[in-house]
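This report describes a protein chain from its overall dimensions down to single residues. Please keep the sequence and the model at hand while reading.

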Amino acid sequence: MRKMQGTNLPKLSVDEVTNRIQGLFFSDPVLQNLIVVGEIVEIKKHTSGHVYFTLSGDEGRLSCVLFKNDAARVPEWPRKGDEVWAEGRVGVYPPRGSYQLYVRRLTPQGIGAAARAREELRLRLDKEGLFDPRLKRKLPAYPQKVAVITSSTGAAIKDVLKVSRNRFPQCSIVIVPCLVQGYDAPEEIFSAFVQIRPLIDVDAVMLVRGGGSRDDLNPFDDERVIRAIRSCPVPVITGVGHETDTTLSDLAADVAASTPSAAAERLFPDHIDLIRHVDFFSSSLSRTMQTDIRKKKDNLAHFQQLMFTHSSRMVERGAKILQENKRHMDLLMKTLLEGRKQALSSVAGALNALSPLSILGRGFISCTKEEGEVVTSVDQLEIREKLILSFIDGRSNVRVEKITKTGEKDEDHAALSGLLE
């Protein structure tokens, strides 16, 4: 900057003026981070992906630009006449020498615009499969630890705590406080889900808030919140607004309830009912066991009777077979004995005929020497030799007095003289 001769006015180039004005914008913290509320009067999406639009107030207009990276996060809903909240910073655009709003985030306001934005987002996310019923996970039957994302001062957390104490007091509750209403609520809800990830012992997450106007529920239609729900590692149940309200978060959640209290009643089992069920099942199990035991006893008695009858029949049949076999054996033994008797009788008769006793019984005697030698010829004898004569009924000791062979004349008629003992 320099002064012109003959005047005290500073002399600046165009670029210097532009930079000075840019510096004024940068020095104002309000203009570097603000939300501008206005109505879209012009809008154009460039082939580069950038979106250029103009916001109108009661008396003035403001040029705005939404760059490609930020525009990708905004549904293609903006139209002329829509009221929006544009978050960003004010700066100078040097090529045109004009100031404009550099928008980071665009949020619809008003029933028509918000409804269109919500529907367009729903269709896009549904096409991605984020609302697919097959992705729904079952809530834990008996949760031991539950994280609750909600306002720490709202009525919703009080309702959840009251229901949990009454129904399932053994469950631990971890409160993750955040805003659930307003412009910054979606970012805080998203951050709350990020905080839950390290808590590996959490069984489920509750995302709840009390009733309000439909606009108050807009944070639960935010894409960041919806994706946080679907990426949560444990089942998520929502209880947002009134019974008639339905948000995109409800569609993304594993289970959606009409109110915070309804969500708590859905998640926490009633311990009194559990006790009743245990008693009922215990009684039912006892009755079933008794019935089963009785049936088993009846079956056992029936089988015992069958076994007894079968055994008796087998014994009776066996006895008959044994008796029949005995009769056959007796007949066979009798026949065999008769045959043996006859054979023995024949052998006995033959032996009897050959027996020395039989010979002795006919008047013959047996003669042996004292040393036991059988005398069969007179040639074996000597005079005065002692002999033993065996009769059928006894013995006699004799001595040889005379020996006469067959054919020789026996004049003395004396052969032996016996010495009876």
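## Terms and model

Helices, of type H or I and at least four residues, and strands, of type E and at least two, are DSSP runs numbered from the N terminus. The model is predicted. On that basis the secondary structure of the protein comes to 11 helices and 16 strands.

## Overall dimensions

The C-alpha trace of the protein spans about 225 × 60 × 35 Å along its principal axes. The radius of gyration is 65 Å, whereas a compact globule of 421 residues would have one near 22 Å.

Of the 421 residues, 32% count as buried. Where contacts join residues at least 6 apart in sequence, 58% of them link residues at least 24 apart.

## Helix α4 and its buried side

Helix α4 covers residues 111-128, has 18 residues, and reaches 26 Å from its first C-alpha to its last, which is close to the 26 Å expected at 1.5 Å a residue. Its buried residues are Ala113, Ala114, Ala117, Leu121 and Leu125. They lie on the same side of α4, because the arc they cover around the axis is only 95 degrees. An α-helix has 3.6 residues a turn, so residues three or four places apart point the same way.

On the face turned away from this buried side, α4 carries the exposed residues Ile111 and Lys127. The cover over the buried residues of α4 includes β7 (98-109), α7 (223-231) and α8 (248-252). Glycine 129 follows α4 and has a positive phi, near 95 degrees.

Threonine 107 lies in strand β7. With a relative accessibility of 16%, threonine 107 counts as buried because the cut-off is under 20%. Leaving aside neighbours within four places in sequence, threonine 107 is in contact with Trp77, Glu83, Val84, Trp85 and Tyr183.

In soluble globular proteins, nonpolar side chains tend to be buried together. In this model the largest nonpolar core has 29 residues, and those with the most contacts inside it are Ile149, Ile189, Phe193, Val205, Leu207, Ile226 and Ile229. At least two residues of this core come from each of α4, β8 (145-150), α6 (185-196), β10 (204-209), α7, β11 (236-240) and α8. Apart from this core lies another, of 21 residues, among them Leu34, Leu55, Val84 and Ala86.

What surrounds isoleucine 189? Not counting residues up to four places away in sequence, isoleucine 189 touches Cys178, Leu179, Leu207, Pro219, Phe220 and Val225.

## Helix α9

In helix α9, residues 260-267, the buried residues are Pro260, Ala263, Ala264 and Leu267. Seen down the axis of α9, these residues fall within an arc of 100 degrees, so they line one face of the helix. Among the elements that cover the buried residues of α9 are β8, α5 (155-167), β10, β11 and β12 (255-257).

## Cysteines

A disulfide is a covalent bond between the sulfur atoms of two cysteines. With a cut-off of 2.5 Å between the sulfur atoms, the count comes to 0 disulfides. Cysteine 232 is in no disulfide, and the nearest cysteine sulfur, that of cysteine 178, is 13 Å away.

Is cysteine 232 buried or exposed? Cysteine 232 is buried, with a relative accessible area of 5%. Cysteine 367 also counts as buried, at 16% relative accessibility.

## Two loop residues

Aspartate 203 lies in the loop between α6 and β10 and counts as partly exposed, at 27% relative accessibility. Setting aside neighbours within four places in sequence, aspartate 203 is in contact with Pro140, Pro143, Gln144, Lys145, Val234 and Pro235. Aspartate 203 and lysine 11 are 192 residues apart in sequence, and their C-alpha atoms are 70 Å apart in space.

Arginine 384 is found in the loop between β13 (366-369) and β14 (386-391). Its phi is near 75 degrees, a positive value in a residue other than glycine. Most residues other than glycine have a negative phi. Arginine 384 is partly exposed, with a relative accessible area of 49%.

Technical notes: Residues numbered from 1 in each chain as written. Predicted model: local features only at pLDDT ≥ 70, side-chain atom pairs only at ≥ 80, totals over all residues. Heavy atoms only, no water. Buried < 20%, exposed > 50% of the residue type's maximum accessible area, 1.4 Å probe, protein only. Expected span 1.5 Å × (residues − 1). Arc of directions from axis to C-beta. Contact = heavy atoms within 4.5 Å. Core = buried A, V, L, I, M, F, W, Y, C linked by side-chain atoms within 4.5 Å. Rg over C-alpha atoms; globule rule 2.2 N^0.38 Å.
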